[in-house]
Amino acid sequence: MNTTTKYAATALAAALGVTVLAGCGDDGSTGSGASKGTGSKTVTLVSHDSFNVSDKVLKAFTKETGYTVEILKSGDAGAALNQEILTKASPRGDVFFGVDNTLLSRALDNGLFTAYEAKGLDTVAADTQTDGKKRVTPVDTGDICVNYDKKYFADKKLAPPKTFDDLLKPAYKNLLVTENAAGSSPGLGFLLGTIADRGEDGYEAYWKKLKANGVKVVDGWEQAYNEEFSGSAGGKKANADRPLVVSYASSPPVEVLYADPQPKEAPTGVATGTCFRQTEYAGLLTGAKNEAGGKALLDFMISKTFQEDMPLNMFVNPVVKDATLPELFTKFGEKIDTPPTVAPEKITANREQWIQSWQSLVLK
C-alpha cells in the first residue's frame, strides 16, 4: 500500500517519469503535465512509483469515456504527496492516487482535494470510507504483516509466530528483521500496528522487549526482504539468515508468481496476528484542469474492471465488495479479516512523536 503501499509492488513494477499508457488518437495534448483546457480528452493521474495497471484496462476506460489516461509518477508515496502539496496552487494533474491512511490527514489539511462522491461508492467497503466529506475515494487496501520462512521453521521443528506477543518469546530471538519506521512505509506500518495492539501507553515497553529479543532494523523493504529474509528468492541468493521479516500479506502470492517453476505451495507464510491495514485513496486535485475527466477516472477506479485488475499489478486488495480476487491470491494469500489500524487524524497528530520515540528506543 504506500506508500504505500505497498510494498512488494515497489520492487516489482514502475518506472520514474511520465508515461502515456492508453491512447485515443491525437487530441492536441502536449503529452506532459496537467490536461490542457476544460475540453481536453487527456486526464492526468499523479501517483507514486508503485502504481501499475494493465494496458487493456486503460483502453477500456478510453473506450468507455473517450479520455486518454496519462500517468505521472513522482517517487514513493511520501515524496509524491509532498510534491503535490508544494505545487497545489498549480496542480500537475487532475487526480492524485496513493495517499494512504498514514498520510491522509496531511493531504486533507492542506486542501489538496475537491470533494466528489464517485459513482459506485455504495459498493465500496464502509470501513475504508474514513473521510465523511468525500474528498478522497478509497481504492485499495494492503496489510503489513510479519512473513516467515516455512522451510526454516519446518527444519527447526518450531512453530512460526502468530502474534505480536509471540515475537517477544525467546524461541524467536534474533530472527526478525524490520524496516526503519522513520523512512519506510512497511516499517512505519509495523510500528503503528504495535501501537494499535499495545496502545499509546504500551508500545514503548513492547519495543524495548523486541529490541532485547534481537530485532534487526534496516533502511527499507528491498533490503529487509531481498537481502536479509531467508524465505524470499532474493534472500536465498544472498544467504540471508533472518526467517522473519516485516512485509505484506500479499508477499506469498508474489513469491509464487515470480518463481520458475511455480511451486505448489508458497515458500513463505504470514503471521496473521501481526498485521496493520493500510488503505490507499485517490482524489480530484483542487484546481484540476480536466475536472470532468478526473471525476470519470475516479468513477472508473472503483469499477469492477479496475478493481479486479489491481491485485496482480500492485499486489493489493480491492475495496469493492463484490470484486473477485485472482486464484493466486485466494490460493496462496492470507485474508486478514480484522487487522488493527489507527485513525488517520490520530496518526497525523502523533506520527512524528511516535517515530522520534521509536528511534530513541530502537536505534540508539
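Author: The answer below begins with the helix packing and then moves to the other topics in turn.

This is a predicted model, in which local features need pLDDT of at least 70 and side-chain atom pairs count only at pLDDT 80 or more, while totals for chains, interfaces and linings use all residues. Residues are numbered from 1 along each chain as its sequence is written, and side-chain values use heavy atoms, with hydrogens and water left out.

The part to look at is helix 6, residues 185-198, where helices (H or I, at least four residues) and strands (E, at least two) are DSSP runs numbered from the N terminus. Two packed helices are described by the angle between their axes and the distance between the axes. The axes are lines fitted to C-alpha atoms, for helices over the stretch in contact, and the angles run from 0 to 180 degrees between N-to-C directions.

Against helix 7 (residues 203-212), the axis of helix 6 comes within 9 Å and crosses at roughly 120°. That angle makes helix 6 oblique to helix 7, given that under 35 degrees counts as roughly parallel, over 145 as roughly antiparallel, 65 to 115 as roughly perpendicular and the rest as oblique. By type, the residues where helix 6 meets helix 7 divide into 7 nonpolar, 1 polar and 1 charged, with Ala, Val, Leu, Ile, Met, Phe, Trp, Tyr, Cys and Pro counted as nonpolar, Asp, Glu, Lys and Arg as charged, and the others, Gly among them, as polar.

Helix 6 also packs with helix 15 (residues 344-362), at an angle of about 100° and with the axes 11 Å apart, so helix 6 and helix 15 are roughly perpendicular to each other. Leu188, Leu191, Leu192 and Ile195 of helix 6 meet Ile347, Arg351, Trp354, Ile355 and Trp358 of helix 15, and the residues of this contact divide into 8 nonpolar, no polar and 1 charged.

Not counting residues up to four places away in sequence, threonine 348 touches Ser105, Arg106 and Asp109, and its C-alpha atom is separated by 8.0 Å from that of leucine 104, 244 residues apart along the chain.

As for the covalent link, the structure holds 1 disulfide, a pair of cysteine sulfur atoms within 2.5 Å, and this disulfide joins cysteine 145 to cysteine 275 with an S to S distance of 2.0 Å. The link is right-handed, with 115° about the S-S bond. Cysteine 145 lies in strand 6 (residues 137-149) and cysteine 275 in strand 10 (residues 268-285), so the pair ties together parts that are 130 residues apart in sequence. Cysteine 145 is buried, at 0% relative accessible area, and cysteine 275 is buried too, at 1%.

Turning to the backbone, most residues other than glycine have a negative phi, and most peptide bonds are trans. The peptide bond from aspartate 260 to proline 261, however, is cis, with omega near 0°, and proline 261 sits in the loop between helix 10 (251-257) and strand 10. Asparagine 174 has a positive phi, near 65°; this residue lies in the loop between helix 5 (150-155) and strand 7 (176-179) and is partly exposed, at 41%. Phenylalanine 315 likewise has a positive phi, near 55°, in the loop between helix 13 (311-314) and strand 11 (317-318), but phenylalanine 315 counts as buried, at 4%.

Methods
Buried means under 20% relative accessible area, exposed over 50%, partly exposed in between (1.4 Å probe, protein chains only). Contact means heavy atoms within 4.5 Å.
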